[in-house]
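Subject: Structure for you, with notes

Hello,

Here is the structure for you to look over. My notes follow below it.

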Amino acid sequence: MSNPFVRIVEPLDPKQPLKKFFNLSKLKDERYARLPFSIRVLLEAAIRNCDEFLVKTGDVENILNWKVMQHKSVEVPFKPARVILQDFTGVPAVVDFAAMRDAVKKLGGDPEKINPICPADLVIDHSIQVDFNRRSDSLQKNQDLEFERNKERFEFLKWGSQAFKNMRIIPPGSGIIHQVNLEYLARVVMDQDGYYYPDSVVGTDSHTTMIDGLGVLGWGVGGIEAEAVMLGQPISMVLPEVVGYKLLGNPQPLVTSTDIVLTITKHLRQVGVVGKFVEFFGPGVAQLSIADRATIANMCPEYGATAAYFPVDDISIGYLIQTGRDKEKVTCTQRYLETVGMLRDFKNSSQDPDFTQVVELDLNTVVPCCSGPKRPQDKVAVSDMKKDFETCLGAKQGFKGFQIAPNRHNSTVKFNFEGCDFELAHGSVVIAAITSCTNTSNPSVMLGAGLLAKKAVEAGLTVKPYVKTSLSPGSGVVTYYLRESGVMSYLSQLGFDVVGYGCMTCIGNSGPLPESVVEAITQGDLVAVGVLSGNRNFEGRVHPNTRANYLASPPLVIAYAIAGTIRIDFEKEPLGINASGEKIFLKDIWPTRNEIQAVERQFVIPGMFKEVYQKIETVNKSWNALDAPSDKLYTWNPHSTYIKSPPFFDGLTLALQTPKTIEDAYVLLSFGDSVTTDHISPAGNIARNSPAARYLTSRGLTPREFNSYGSRRGNDAVMARGTFANIRLVNKFIDKQGPQTVHFPSGEILDVFDAAERYKQAGHPLIVLAGKEYGAGSSRDWAAKGPFLLGVKAVLAESYERIHRSNLVGMGVIPLQYLPGEDAGTLGLTGRERYTIIIPEKLTPQMKVQIKLDTGKTFHAVMRFDTDVELTYFHNGGILNYMIRKMAS
């Protein structure tokens with residue numbers, strides 16, 4: 001059928017030829033005006049890219065009756081305008097592309113068909129660590145070490161930028177992917193191929209949602225799914241429910257955007273928004289800057305939604321101008337949005353769409369807060385922090401407990417650092433990091449931190465020298481305005497020197513703590529603390545020696561660094577006592593909102609953005625000097641421990657193989673709730689006694705050369721051994737934390753990889769049992785690739801986080817879900833049984849399958865292939881196999 005949604009309009013820019021654009025509003029149907037703005041963008045993209053969508057849904061009536069259709073599992077073929085990647089997920093994507101070219105060639109196809117069709121930008125921001133801090137040359141030292149460690153990976157990426165069309169690499173040292181996207185890459189409206197249409201993006205990092213704050217619909221997908229999108233495959237998703245989040249009132253003077261997002265995160269976790277869109281509306285939105293909105297959208301994965309959308313309004317248009325975008329293009333963007341009815345006025349309630357559900361937050365009720373000690377949704381008011389931590393000390397081991405005996409709550413350990421004596425206790429702050437895309441993109445909180453540092457220094461306060469302090473801005477623009485406003489020198493005096501441009505502490509690249517500090521923590525078995533302005537604080541993520549980690553705004557990070565402990569009541573206890581014996585309280589140095597806004601107006605200007613970004617691709621001399629091969633097929637180095645051709649396509653043929661019943665599978669691991677992708681595939685340190693360490697040692701490497709799991713994602717031999725290698729893993733088969741399990745045929749307790757190898761050699765398939773929210777956290781494709789390589793055929797869980805379920809589908813691992821009201825406990829499953837999962841010949845989305853145990857028990861579970869497209873991937877053994885067969889034929 002012809003597409004009824006195309007129309008010709010007068011040129012939005014008189015200097016340009018006549019342009020066409022797709023727009024549902026042509027129907028002049030009042031129901032269009034009731035569609036959530038996020039759904040309008042989704043449908044525009046579906047219709048623009050795929051006429052078949054209209055046929056599948058039946059007719060126009062069905063599209064406009066979206067609230068009815070969302071309950072009928074209508075598949076939307078969403079083709080985003082762009083893809084963004086970071087290096088930890090980008091390296092394995094380019095490795096897969098290189099291996100796919102080899103596979104297509106072997107099957108007789110044209111290997112150069114494996115090439116991104118849509119624009120793909122890869123920002124290198126995950127490789128740098130805080131090895132050096134508290135010194136003026138920290139930035140250069142860390143960057144030099146980054147290149148020394150990662151030269152081979154960087155050369156490989158540079159090869160990819162030359163071998164593949166439409167792939168642009170933003171070199172290391174430029175900034176954090178999401179801030180670069182917000183300040184530079186995002187278009188808001190695309191002007192391409194003779195059409196105007198809304199910008200949209202998917203990325204291989206879960207916090208891609210940050211761009212939703214600017215009105216660009218975007219979310220994180222697994223690297224596997226992103227590769228398929230780059231090759232022209234649409235993302236098939238079920239038409240989502242949309243929760244309207246109404247913001248009212250004004251924030252209190254002492255409240256930051258961090259406090260707001262931590263409050264929203266806890267609220268929406270309680271509401272339950274997994275698999276849904278959240279769209280913000282109400283007069284309170286108009287009180288938020290784009291940076292504030294981006295902060296709220298950034299933590300969308302932490303409250304579990306797919307997207308957290310703020311429609312474009314006049315403030316969004318003003319941000320485009322502030323960040324130095326071309327004025328003519330901004331004018332054209334505004335005219336397009338006005339013409340198609342997609343420019344929002346949050347103060348006009350007549351524009352409020354219909355939502356599946358509406359929840360509200362009065363911004364005036366938000367108070368300063370942190371989140372922790374182990375999950376981002378566990379919000380704690382700053383006024384309650386001391387009491388809450390002390391309660392956690394004695395509470396049972398869990399998300400809010402450390403199970404420290406009452407007689408040890410006040411234990412202390414003395415130690416010497418750089419010739420001076422100090423003392424650590426439970427709650428002592430040993431890491432304080434202003435880091436992460438969540439906050440470092442926001443001038444109000446960054447300048448707020450700078451002004452607080454200025455007042456602290458002037459009041460005579462200091463930070464103890466053993467506290468590992470760091471500042472890693474999201475882009476060079478942040479450094480620019482901190483320096484120009486005069487606050488950078490004060491941050492440096494408190495130890496918050498710029499240590500690099502990247503995620504750093506937020507993803508576990510904290511670097512080492514001083515040996516004397518580690519010895520004191522270990523000797524006293526202390527619950528030491530990290531405080532960071534990040535978005536994730538899952539166990540084992542920030543640093544192996546900080547068992548408690550709290551998310552906080554940048555000003556609060558500095559405050560806790562000065563205090564040196566989390567066990568402080570800021571209202572009653574002083575931050576410190578200066579040389580004059582004067583008690584200095586937090587309220588004495590906290591900057592007012594008016595002070596911050598005055599500095600922001602003066603120093604955050606368009607010229608800064610233009611100056612930084614016009615040279616972003618050429619400013620790094622070390623990157624420019626890299627010599628990369630120019631061949632279209634990659635020449636694999638058999639001696640490399642970083643880049644290795646993966647075994648995913650070994651033996652692949654054009655013919656499909658019918659999926660078979662999984663017979664007599666052993667359970668590799670049995671988990672409770674909230675097992676994260678950090679637990680499944682850690683990104684941080686490679687422990688010296690781990691299977692991955694043993695492998696690297698056998699290849700002639702020393703522990704100093706191990707680097708991190710994140711940097712080794714181009715090598716499947718390392719990553720398979722790193723699967724389930726998190727030191728904080730809690731496996732029900734073992735009575736202590738650690739990356740081990742029981743090998744049931746022998747009864748031995750082994751490292752997870754070693755147990756999986758024994759099962760594989762004996763020909764036994766494996767499954768994993770889990771509770772709620774399995775796979776929460778980062779969009780880490782290795783959290784699916786790793787289990788696949790270990791021989792895991794299926795996971796049986798109570799619920800899944802969206803991206804991880806998609807990644808399992810992408811690798812051909814079956815995501816099974818208990819029926820409502822059932823779980824391992826109600827079914828009496830111990831995990832020591834053997835499981836036969838009956839796979840029928842004819843499969844349908846979300847069908848129930850029978851599971852038989854060797855004990856004679858039988859029950860049913862839902863096979864979470866949610867769409868027909870996902871079933872097609874499963875029949876092919878995964879997305880990448882499907883794409884290879886498609887390209888080869």
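In which hand does α9 pass α10? The crossing is right-handed. (A crossing is left-handed if the near helix is turned anticlockwise from the far one by less than a right angle, and right-handed if clockwise.) On α9 the contact uses Ser257, Ile260, Val261 and Ile264, and on α10 Asp292, Thr295 and Ile296. Contact means heavy atoms within 4.5 Å.

Before the rest, the ground rules. This is a predicted model, where local features need pLDDT of at least 70 and side-chain atom pairs count only at pLDDT 80 or more, while totals for chains, interfaces and linings use all residues. Residues are numbered from 1 along each chain as its sequence is written, and side-chain values use heavy atoms, with hydrogens and water left out.

Helices

Helices (H or I, at least four residues) are DSSP runs, numbered from the N terminus. Axes are lines fitted to C-alpha atoms over the stretch in contact, and angles run from 0 to 180 degrees between N-to-C directions.

- α9 (residues 257–271) and α10 (residues 290–298) pack at about 30°, axes 9 Å apart. They are therefore roughly parallel. (Under 35 degrees counts as roughly parallel, over 145 as roughly antiparallel, 65 to 115 as roughly perpendicular, the rest as oblique.)
- α5 (residues 87–106) and α6 (residues 138–163) pack at about 55°, axes 10 Å apart. That angle makes them oblique. Their crossing is left-handed. Phe88 and Val91 are among the α5 residues in the contact, and Phe156 and Trp159 are among those of α6. By class there are nine nonpolar, two polar and three charged residues. (Ala, Val, Leu, Ile, Met, Phe, Trp, Tyr, Cys and Pro count as nonpolar, Asp, Glu, Lys and Arg as charged, and the others, Gly among them, as polar.)
- α16 (residues 443–458) and α22 (residues 593–603) pack at about 115°, axes 9 Å apart. So α16 is roughly perpendicular to α22.

Best wishes

Terms used:
Helices (H or I, at least four residues) and strands (E, at least two) are DSSP runs, numbered from the N terminus.
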